[in-house]
Amino acid sequence: MSVVIVGAGHAGGQVAASLRQLKYEGPITLVGSESYVPYQRPPLTKEYLRGEQGLDRVTLRPEAFYEKNNVTLMLGRKVGMIDRDKRVVKFDGEDELTYDKLVLATGSTPILPPIPGATLNGVHLLRTIDDVDAIVNEIDDTSTIGIIGGGYIGLEAAASFRHLGMSASVVEMEDRLLKRVATEELATFYANLHLQHGVDIHLNSQVTEICGDDDGRVSSLVVSDGAKIDLNLVIVGVGIRPNTELADDAGLRVENGICVNERCETEDANIYAVGDCTNHPNPLINRRLRLESVPNAMEQARVAAANIAGTPTSYATFPWFWSDQYDLKLQMVGFAGDRDETVTRGDRNSNTFADFHIKQGVLVGADAINSPREFMASRQLCGKEVDARKLADPLVDLRSLL
C-alpha cells in the first residue's frame, strides 16, 4: 500500500516519520512545493531571523533521514489536482502519482491585504525560509521596520528586530494586540512589554497606503490614526488562510479548513488531512475548530499515521501553544475564552506568573509566562475540577492538585 503526502511542513514530515516508526513498510512519497526538507517555522521569526541559527538548525530531520528510511522526496513540486476515482495526484505538468492512501498536509498561506503599495519592493510576508532570507538580505542595524498586524508573528518579529537594534512600529486594526488569540490581560501585558522595549504601537488603526520612493521601494506607511511612519521595510502579518483548494476541487467537504473526523479522515476514507489546513473535532472541548499551531500539526500527523498503519487512534488533546519574545516564554493551554473566573499565581511585575482560567470550577485554560512548572501542571489539570484558591497560592505545591 502506497502513501502520498502532499505538503512537506511540520505535519507532512511527521506523518512520514511516524509511519516508519510504526513499522509501516509500504512506499511513502513526500511532496513539497518548497525546495527544502521539512523545517521548523517558529525559529523563522526569532533565531533564524536574528542570524543565531542556520538552515541546518531549523530542519526537522536531515535529508539523510528520508533516504535511510526509504521516504521518496519530491521537493519543489506542486500538485495541481486529485483524481479520487483513479487515486492519483496530478502535478502542474503531465506527471501523476498513484496512491492507496493520500494525506493532505497543505498548510496555510499568509494573507496580503489589498493595501495600495503592497507590491512595492521592501514589503514582505513572513512564512517561509525564502521570506526570511529576503528580509535578512535587505536589513542592517540602521533599518526601520513597519509591521502590519499585532498577532504573534508580528510581535515575535518586532522583538527580534529590536534585539538587533532596529526601530520597529506595529500597526493593529483592533483595539488591542492579540485580539483573536489572547485574553485582554495578556494582551495588555505584551503591549506594555513591547512599549518598554521601544516598539511604537498604533491600535485601532489601519494602514491606508504604503508609499514608495522614486525607485519603487517602500518609504513610509500612512495610518488611519493620522500618523505617517517613515521606514525602509514592511512586514505584513495579518493572518493566514488554510490551503484547501486541492480538497475543494476534489469535492471534499471544506468549511474553514478541510473537514476531518477524529481519526483525521476526510469524507473519502482513502484521504486524510492534518495540520493548519484542517477543521477537526475535539471531544475534550466539545467543538470543531481549526488550529494554527505546531503541536496540533504534530499530534494530528501522529494520529493519521497510526490509522494508516492499522492502529485505530483518535485525536483528543487540549490545544497548546508557545511564543518567545525578548527573554520571555509564553506557554498556553486550553481556551481562556470559555472562562468565568481567572486567578493568577506569581507576580506580573517580575515577568514570572501564570493565569489560570476557570469555568464553573473546571480549569479550561492557562497562560504561563516563564513558568514551565505551572504550564505542565495546567496541561494535566485542564478539564478537571480545581480549587481556585490553591491554584493562586504560591505556597501550594501544584503536584498535590494533580
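Among contacts in the protein chain between residues at least 6 apart in sequence, what share joins residues at least 24 apart? I looked this up and got 59%, with contact meaning heavy atoms within 4.5 Å.

A note to myself on the source: this is a predicted model, where local features need pLDDT of at least 70 and side-chain atom pairs count only at pLDDT 80 or more, while totals for chains, interfaces and linings use all residues. Residues are numbered from 1 along each chain as its sequence is written, and side-chain values use heavy atoms, leaving out hydrogens and water.

**Overall form**

I found ten helices and 26 strands in the protein chain; these are DSSP runs numbered from the N terminus, helices being H or I with at least four residues and strands E with at least two.

Next I picked an open sheet of three strands, with order 18-20-21 and mixed pairing. Strand 18 (258–259) and strand 21 (287–289) are at the edges with a single partner strand each, so one side of each has no neighbour in the sheet. Strands pair if DSSP finds at least two bridges between them. Strand 18 runs parallel to strand 20 (residues 278–282), joined by two bridges. There I saw I258 opposite T278 of strand 20.
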